[in-house]
Amino acid sequence: MAAESRESLHNASEANSTGETISREVVVANRQGLHARPADLLAREARRWQSRIELVADSQRVDGKSILDVLTLAAEAGTRLVVEATGPDAREALEAIGSLFDRNFNEHAGSQET
Amino acid sequence: MKFSDFVATEAIRSHVDADTKEGVIREMARALVDAGKIGTADEESIIKAIMKREDLGSTGIGRGVAVPHTKHPGVNRLVGTVAVSSEGINFESLDGEPVQLFFLLVSPPDRPGDHLRALESISRQLRDESFCKLLKSAKAPMDIQHLLEEADGHGVVS
C-alpha cells in the first residue's frame, strides 16, 4: 500500500521525467523558410537538451537534433510544424525552441540571407 | 526535387585542386561557368556572395559535407554542382570536421522554395552514410553522376 501511494505521488510531481511527450505548434515565419541557417540554430538548440526533440510536419517526423533531418522538412514560410519533446527537460526545451520560431531565428522578415 | 533537376553534370568535379574554402568555391563557380550555367560576368559577384553567406555561418553541415550557396539575379533557375576533395578542406564546418563533399547552389532571388527543396534532396540522401562514403570515394565525375542518378531513382518522390 505504502509503496503504491508513493508511486502515484511520484508520478504526479514528476510526470514529465518518465517520458511523457509534450508538444507545441510553431509556424515558420521567415520568408526564406527553414533553410540552412535556421535549421542549424534549431538543431543546436535542440541538442542542448536531454529530451528527445522531434519535429512533425504533415507526413514527416524528424529528429530535431539533426540538421540533416530538419532540412529534409523543406519547410517553407507559413508551414505549421509540431515540436514534440520527451524527457526530463521537455518543457524548457519546448520553450527555448518555440522562442526561436517566435523570433524568426533572428532574421528580418525581408532578409535575403540564406 | 531530384539531383538531376539542379546538378549540372558537366560541372561535377571528382578531384578539386583547391585546399581552401574560397579556393574550392572558386573552382566550383568556374566549373559552372565552363558548363555554361552561369555567365562569366557574374562569376566574381557570385563567388563574393557565397563567401559573404559563409561569413554568417559555415554551410559545412557536418558529416564532411558543405552546401555553399547564394541567391543571384544572374540565374533564372536553380543551378548547382558537386565536387569532392579527397584530402578534405577546412570549411569551419559545424562539427569541426574537414569537408570532402561539396554541393554548390545558386538560385534566383525570388525562388526560396526551390532552394529549400534542393537542400531537402541533398540532406535526405546524405543521411545515408554509405551514399556519402561512395560519393567521397568517387574516382571520376561519371561515378558521381551515376550515384546521383541512382539516388534520384530510389529517392522519395516529392
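What share of the 158 residues of chain B count as buried? The figure is 47%, where buried takes 20 or more other C-beta atoms, placed from the backbone, within 10 Å of a residue's own.

A quick word on conventions: this is a predicted model, where local features need pLDDT of at least 70 and side-chain atom pairs count only at pLDDT 80 or more, while totals for chains, interfaces and linings use all residues. Residues are numbered from 1 along each chain as its sequence is written, and chains are lettered from A in the order in which they are written.

Chain B has five helices and five strands, counted as DSSP runs (H or I of at least four residues for helices, E of at least two for strands) numbered from the N terminus. In order, they go α-α-β-β-β-β-β-α-α-α. Its radius of gyration, taken over C-alpha atoms, is close to the globule rule (2.2 Å times the number of residues to the power 0.38), so chain B is as compact as a globular protein of that length.

| Chain B quantity | Value |
|---|---|
| Radius of gyration | 14 Å |
| C-alpha trace along principal axes | about 35 × 35 × 25 Å |

Over in chain A, helix α2 (residues 36–47) is largely enclosed by the rest of the structure, because nine of its twelve residues are buried. Among them are Arg37(A), Asp40(A) and Leu41(A). The cover includes α4 (90–102) of chain A and α3 (112–126) of chain B, going by contacts (C-beta atoms, placed from the backbone, within 7 Å).

Methods: Contact = placed C-beta atoms within 7 Å.
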